[in-house]
Amino acid sequence: MVCAMLNKLRIVLVDTSHPGNIGAAARAMKNMGLEQLYLVNPKLFPHADATARASGADDILAKAVVCETLDEALEGCGLVVGASARLRRLSIPQWNPRECAERIGAENSSSETAIIFGREHAGLTNEELGRCHQLVHIPCNPDYSSLNLAAAVQVLCYECRMVAEAGFTEIDSTEKCEPPATADDMTRFYEHLRETLVDIGFLDADNPRIMMQRLRRLFNRARPNEVEMNILRGILTAAQNPRNRPRK
Ligand code: SAH
């Protein structure tokens with residue numbers, strides 16, 4: 001039971017500069033019983049500093065999945081949470097680590113969950129945050145709010161372990177029957193949505209960013225399931241067909 005929740009949880013580190021942080025994150029994960037480490041474009045990996053800081057968690061490093069893009073790392077994930085050191089202007093909903101762990105524990109879908117962590121010097125970009133259903137912020141001194149990357153991984157893995165040990169079972173019954181669309185379905189949907197909005201003259205193809213960010217936020221909040229996603233894609237396909245447009 002403890003394993004089931006933790007096994008479905010991916011820790012995704014984006015563009016990590018210091019290999020020592022990758023090793024320390026692997027150690028934090030193994031201490032708490034997590035195994036799935038995804039590395040998006042690590043600067044230096046594999047590296048002796050990573051192995052040294054992993055200090056016995058080298059099995060986690062050995063099976064870490066190295067990806068070129070965040071999309072690859074999120075493939076198959078039904079819930080994506082971004083860990084952010086700053087309170088963001090973008091009003092993506094935000095949890096604290098305890099709420100975050102409880103919500104992950106309450107997921108009952110066959111798909112996996114990812115928590116993504118940003119670069120040491122600059123965190124996650126707005127584009128990357130746009131992939132997230134939710135943000136998680138570790139409450140801390142507002143004048144000094146940025147934890148070391150591996151320390152942030154530790155706090156979140158610890159909270160997840162606490163929930164897993166407690167055998168959290170509150171389940172949203174709608175999710176139980178219908179799994180949420182995965183991150184890759186959502187990426188394809190946003191591309192289709194952007195294309196369609198340009199086709200029907202709603203979106204300025206030269207300046208789509210703010211509108212698309214807002215729409216992502218809306219649909220990420222709704223977390224459509226697979227059936228709903230098929231309906232939305234069907235609507236877009238129908239809207240793209242010029243024969244369906246009203247005559248002027
Ligand atoms: N200088 C960066 C912080 C980078 S710390 C910035 O200003 O955004 C590296 C990563 O650790 C962050 O991207 C985030 O994923 C995680 N992290 C650090 N402190 C955190 C906090 N207080 N809450 C949540 N995540 C945090």
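**Terms and their grounds**

Guide: The model is a predicted one. In it, strand S2 (residues 36-40) and S3 pair in the parallel sense over three bridges.

Visitor: What makes S2 and S3 count as a pair?

Guide: The criterion is at least two bridges. S2 and S3 have three bridges, so they qualify as paired. Within these strands, Leu39 stands opposite Val66 in S3.

Visitor: Which order do the strands of the open sheet follow?

Guide: The seven strands run S3-S2-S1-S6-S4-S7-S5, with parallel pairing. Strand S3 (65-67) and strand S5 (94-95) each have a single partner strand and stand at the edges, so one side of each lacks a neighbour in the sheet.

Visitor: Why are H2 and H8 called roughly parallel?

Guide: Helix H2 (residues 19-32) packs against helix H8 (residues 149-166) at an angle of about 15°, with the axes 8 Å apart. Angles under 35 degrees count as roughly parallel, and the term therefore applies to H2 and H8. The crossing of H2 past H8 is right-handed.

Visitor: Which residues of H2 and H8 meet?

Guide: From H2, Asn21, Ala24, Ala25, Ala28, Met29 and Met32 meet Leu149, Ala150, Val153, Gln154, Cys157, Tyr158 and Arg161 in H8. By class, this contact has 10 nonpolar, two polar and one charged residues.

Visitor: How do you know that domain 1 and domain 2 are in contact?

Guide: The domain assignment gives domain 1 as 2-166 and domain 2 as 181-244. Their centres, taken over C-alpha atoms, are separated by 28 Å. Contact, however, requires heavy atoms within 4.5 Å, and 19 residues of domain 1 are in contact with 10 residues of domain 2.

Methods:
Residues numbered from 1 in each chain as written. Predicted model: local features only at pLDDT ≥ 70, side-chain atom pairs only at ≥ 80, totals over all residues. Heavy atoms only, no water. Helix = DSSP H or I, 4+ residues; strand = E, 2+ residues; numbered from the N terminus. Axes fitted to C-alpha atoms, helices over the stretch in contact; angles between N-to-C directions. Parallel < 35°, antiparallel > 145°, perpendicular 65-115°, else oblique. Left-handed = near helix turned anticlockwise from the far one by under 90°. Nonpolar A, V, L, I, M, F, W, Y, C, P; charged D, E, K, R; others polar. Domains from an automatic or database assignment.
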